[in-house]
Amino acid sequence: MITKKVSELLQSDQILQEYKVSGWVRAFRSNRFIALNDGSTLHNIQCVVDFENTDEEVLKQINIGAAVAIEGTLKESEGKGQRVEIEVKSIEILGEAQPEDIKKTILQPKRHSLEKLREQAHLRVRTNTFGAVMRVRSKLAFAVHEYFNNKGFYYVNTPVITGSDAEGAGEMFKVTNMDLKNPPKDEKGNIDFSKDFFGKETNLTVSGQLEAETFALGLGQVYTFGPTFRAENSNTSRHLAEFWMIEPEVAFCDLEGNIDLAEDFIQYVLKYITEHCKDDLEFLENRLLQEEKSKPEKDRSPMPLREKIDFVLKNNFKRVSYTEAIDILKNSKPNKKKKFNYIIEEWGADLQSEHERYLVEKHFKCPVVLFDYPADIKAFYMRLNDDGKTVRAMDILFPGIGEIVGGSQREERYDVLLSKMKELGVDEKELWWYLETRKFGTCKHSGFGLGFERLVLFATGMTNIRDVIPYPRTPQNAEF
Ligand code: 4AD
Ligand code: MG
């Protein structure tokens, strides 16, 4: 017997061929029609049971949620709604599911809120919405690797446990195996981290950038794609405490080249899913349309999902300097009418997400790349411009998402980098290895970080970042 996945059977034209297929019962109508899903596609295959010749005990166990293995014949379907179906010859119940138990879960077929699905995150992958999101996520991840591989980049795995803090103070998770009730102390009564597992204070990484830079200065073009951790207490629909980041780093590349790369990369991976996730995107688009209907008109997204993705594919991102952006914001209606929570008064202000969204959604109405930010509001490693007050930083802002990419050309000049570190209180002893790369054949280089979940949010039209990662980690929440 040939075993096939549901996705393969639905494509097959081997009518009258016998097959075996396993999956979970999504519905069972009239003691006769099983809707079977195995996760290989959004769609179910209809399996028609000959109930007169099926054991009554088995029939009773064909419940929603049960795992079954079916052997039968592929037939053209006489019913509406499907091209082919399976005429069941035999059915084996692999794992039972009792209706009274199922009723208490999100597997019960009716509309459940996304909040409810989060509470049962171990089951939500069996819903159409979350299944579709996870298939798109997986394809996007594949496209990321395909893109960089095609371009001659090497994939590097930077450490998850780190002794340094790449982005600056205070938002890291500590890693220790000390006895927290009775930690070793020094003479002054401070915790003695030299007695800790690594002989020093260690944290979960917030970014693989600094290590990736050292690799770019040897392998030329590299990228990371791994989990990163931030202990910032931002309970928003755009922040996770554990998220996946893609960080390319390229030697001999300036900021323009970096922006070109980011734009080309984003367009490539989005194009990939429009070609490889058609059914799931169509489903997600309809889901979004339904959801939008329940919102007040002013909050509705003006574009259906596919159109939104196509727009990004067909249009160049608008490149605007920070200084231009501040002028636009200063003269904007919400600023003049004091509608922003943070009023933009002068050059140097840090942009809040309300400002970013105004630029993208109201003013330019397309993805925007902001560059040349004030040095004071950006990280120590960004290359100082000749004006002495701005750095070669860039952020890419997306409609409905806000910041999706943050990157820069790196400061490659040893002296400038060192004085910047001193100025910002970055410990040069801790980052001796990073500094040293500026002594041995330093060169112009650039890179960026793209938040993978924010990309998945955009691609799927979901609105809460907790709904695009299998098990979200957020303040007060690490269930599952
Ligand atoms: O702008 P960020 O902090 O940049 C860096 O970490 C640099 N080291 C990247 C680099 O140049 N190699 O973060 C990069 C991106 C953001 O633009 C955003 O998309 C995402 O990571 N991000 C988050 N995503 C989810 N939850 C969070 N808490 C995030 N913080 C940042
Ligand atoms: Mg940033």
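Modeller: Gladly. Three strands form an open sheet in the order β8-β10-β9, with antiparallel pairing. This is a predicted model, where local features need pLDDT of at least 70 and side-chain atom pairs count only at pLDDT 80 or more, while totals for chains, interfaces and linings use all residues. Residues are numbered from 1 along each chain as its sequence is written, and side-chain values use heavy atoms, with hydrogens and water left out.

Biologist: Why are β8 and β9 called edge strands?

Modeller: β8 (161-162) and β9 (174-175) each pair on one side only.

Biologist: Which strands are at the edges of the eight-strand sheet?

Modeller: That open sheet has the order β7-β11-β12-β17-β16-β15-β14-β13 and mixed pairing. Its edge strands are β7 (154-155) and β13 (318-321). Within the sheet, five bridges join β16 (residues 402-409) to β17 (residues 445-451), and these two run antiparallel. S408 stands opposite G447 in β17.

Biologist: How do you know that K60 and E57 form a salt bridge?

Modeller: The term asks for a side-chain nitrogen of Lys or Arg within 4 Å of a carboxyl oxygen of Asp or Glu. In K60 and E57 the closest N and O atoms are 3.4 Å apart, so the pair qualifies. Both residues lie in helix α2 (residues 56-61), three residues apart, about one turn of the helix. The structure holds 25 salt bridges.

Biologist: How many of them are between domain 1 and domain 2?

Modeller: The count there is zero. The domain assignment gives domain 1 (2-104) and domain 2 (128-171 + 206-467); such bounds come from an automatic or database assignment. Their C-alpha centres lie 44 Å apart.

Biologist: What makes the two domains count as being in contact?

Modeller: Contact means heavy atoms within 4.5 Å, and six residues from domain 1 and six from domain 2 take part. About 450 Å² is buried between the domains; buried area is the accessible area (1.4 Å probe) that two parts lose on being put together, summed over both. R26, L42 and H43 supply 80% of the area that domain 1 buries against domain 2.

Terms used
Chains are lettered from A and ligands numbered from 1 in the order in which they are written. Two strands pair if DSSP finds at least two bridges between them. Helices (H or I, at least four residues) and strands (E, at least two) are DSSP runs, numbered from the N terminus.
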